[in-house]
Amino acid sequence: MPEFDLLRALPKTKRNIATRRDGKDPSVVATAKQFGEMYIVSRFDLKPGMRVLDVGCAKGFLVKDLMIACPGLEAFGLDISPYALTHCEPATVGRLHLGTMEHLPFPDASFDAVLCINTVHNLDRQGCMRALQEMVRVVRDPAKCFVQVDAYRSEEEKALFESWCLTAETYLQPAEWVALFQQAGYSGDYYWTILQS
Ligand SMILES: C[S@@+](CC[C@H](N)C(=O)[O-])C[C@H]1O[C@@H](n2cnc3c(N)ncnc32)[C@H](O)[C@@H]1O
């Protein structure tokens, strides 16, 4: 088998880690943490006993963190990767489902919140529509959804995506995503992953 550098097309990181380490102060860390699982718990007013689904959960890191942030929360995940699910966080055993976001194997209105981070864009445009519609179908309150997708605001950022992304099939400008959300009937929260050099 020849040597093959699968990641050779990826741009090298330009993050200045030394600057961040030297300037790291507690208030900055506190702000950063607000946007993690605690932020999700307060944003969606999650309480023990409520059911949350993480679509594209990979190894269940967020599922585990949500259960720590809100003890008693019933958090679940779904992913298409058997590898991820069989190497999942031990705390999530029995909570992660194998499947595709285009056909969520759950009844209508069976979750109190649904999240999908950096996953929807792995489908083509029709697939993205179906995945968003499925999120809306399985959540009780359509406002309690969050999706984060790949996006670009300039030709330079688009070119970065084209050289970086191995699996994304749909990456759009923010306004184009918003139009697609509306077309799918998705009215939840959203945010972008935007690559910058
Ligand atoms: C970039 S990872 C993001 C993982 C996690 N949400 C995070 O933010 O760290 C994308 C995940 O989506 C999963 N995925 C890709 N296509 C999928 C599909 N059609 N249905 C469900 N999961 C899918 C992949 O297996 C992978 O675990």
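## Lys47 and Asp45

Lys47 and Asp45 form a salt bridge, with their closest N and O atoms 2.4 Å apart. (A salt bridge is a side-chain nitrogen of Lys or Arg within 4 Å of a carboxyl oxygen of Asp or Glu.) Lys47 is partly exposed, at 40% relative accessibility. Asp45 is partly exposed too, at 42%. (Buried means under 20% relative accessible area, exposed over 50%, partly exposed in between, with a 1.4 Å probe and protein chains only.)

This is a predicted model: local features need pLDDT of at least 70, side-chain atom pairs count only at pLDDT 80 or more, and totals for chains, interfaces and linings use all residues. Residues are numbered from 1 along each chain as its sequence is written, and side-chain values use heavy atoms, leaving out hydrogens and water.

The structure holds 9 salt bridges. One of them pairs Arg137 with Glu134, the closest N and O atoms being 2.7 Å apart. Arg137 is partly exposed, at 26% relative accessibility. Glu134 is buried, at 13%. Shared partners join Asp108, Glu134 and Arg137 into one salt-bridge network.

## Around the ligand

A polar side-chain atom of Asp79 lies 2.6 Å from a ligand oxygen. For Thr119, the distance from a polar side-chain atom to a ligand oxygen is 3.4 Å.

Methods:
A polar contact is a pair of N or O atoms within 3.5 Å; within protein, one must be able to donate a hydrogen and the other to accept it, and residues adjacent in sequence count only if both atoms are side-chain atoms.
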